[in-house]
Amino acid sequence: MRKGILAAGNWIIDQIKVIDTYPNQETLANISEQFSSNGGCAYNVLKDLFMLGSDFPLEAIGVVGADGNGDIIIDDCQRMGINITQLQKTSTAATSYTDVMSVASTGKRTFFHQRGANALLAKDHFDFSKSNSKIFHLGYLLLLNSLDKVEENGLTGAAEVLQKAKEQGFITAADLVSEDSYRFKTVVPPSLPFIDYLFINEFELGRLTGAKTVVNHIIQVQNCFAAAEGLLEQGVCQWVIVHFPDGALAVNKSGERLYQGTVAIEAAQIIGAVGAGDAFAAGLLMGVHDGWEMKESL
């Protein structure tokens, strides 16, 4: 019987600066606090699952540099009991990092990213015969240079990896990055037929489908539902889950529509929103793993 979650993709050290305002070019903002933390889909989701007290195996696939930041990631995973058999070190690129500018009053973040060793993650790094996990989670599409390349067969490396995972019996899940580009419609669609659970936010959903998901800073929930259903028609196998500041929604192949509002939290309790999407994904995947209904998982 399969048990556990195998997460692959981005392994990043976030260098977070809490600032008073996000400045216009050639103007100044003040840094009130700075610290380093885990970052990237695979690292965040596995650490979140550990912090949630998951009672099933956690496994990693990825590439980090043979440097201090790579050592921090390896040591942290070992401390948490994460299986790092397929988390490899390379001497040809530094561990990926992101400078995160987080505005204290709003929690809004802006990212300056060095792709580093994550750009080297390729199909050859995945050996699903070494894992008996139930779920395989990959992210972020659009932030993995080698896996984002479209091959001669029309598939990306990520699509081929997800296809192989499904053939090996995994439930598959994937997440995107909020890249300000127009590559969405080229890089993402080849993977959709091999994804059981697709995580996406309102910005990414708009870029991928062309839908007006936000108008005058207001989430257009019905447009998001319709766009998500369009992704099911493009091939997503089970659920499309859309998350945004006001809440989250999910749609499936059977036509089920679910909506879940966010929890009201005192502003003083909010440090920032860095990693919020991955924390949401971790909680939902924990529910999927343990057989919860989607409404309960949301």
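User: How is the model to be read, and what confidence does it carry?
Analyst: This is a predicted model in which local features need pLDDT of at least 70 and side-chain atom pairs count only at pLDDT 80 or more, while totals for chains, interfaces and linings use all residues. Residues are numbered from 1 along each chain as its sequence is written, and side-chain values use heavy atoms, with hydrogens and water left out. The mean pLDDT (the predictor's confidence in each residue, from 0 to 100) is 96 for the protein, and 100% of its residues reach 70 or more. Among the elements, β7 has the lowest mean, 92, and strand β1 (residues 5-9) the highest, 99.

User: Why is serine 131 called buried?
Analyst: Buried means under 20% relative accessible area, exposed over 50%, and partly exposed in between (1.4 Å probe, protein chains only). Serine 131 has 7% relative accessibility and therefore counts as buried. This residue lies in the loop between β7 (109-114) and β8 (135-141).

User: What makes the pairing of the side chains of serine 131 and glutamate 59 a polar contact?
Analyst: A polar contact is a pair of N or O atoms within 3.5 Å; within protein, one must be able to donate a hydrogen and the other to accept it, and residues adjacent in sequence count only if both atoms are side-chain atoms. The two side chains make such a contact at 2.5 Å.

User: Which residues does serine 131 touch?
Analyst: Contact means heavy atoms within 4.5 Å. Leaving aside residues up to four places away in sequence, serine 131 touches Arg2, Leu6, Glu59 and Phe170.

User: Why is asparagine 44 called buried?
Analyst: Asparagine 44 counts as buried because its relative accessibility is 6%. It belongs to helix α1 (residues 41-51); helices (H or I, at least four residues) and strands (E, at least two) are DSSP runs, numbered from the N terminus.

User: How do you know that strand β14 is mostly covered?
Analyst: Six of the six residues of β14 (residues 247-252) are buried. Gly247, Leu249 and Val251 point one way, Ala248, Ala250 and Asn252 the other.

User: What makes β13 and β14 a pair?
Analyst: Two strands pair if DSSP finds at least two bridges between them. Strand β13 (residues 239-244) and β14 have six bridges, in the antiparallel sense, with valine 240 partnered by valine 251.

User: How many bridges join β14 to β15?
Analyst: Five bridges join β14 to strand β15 (residues 257-261), and the two run antiparallel. Glycine 247 stands opposite glycine 261.
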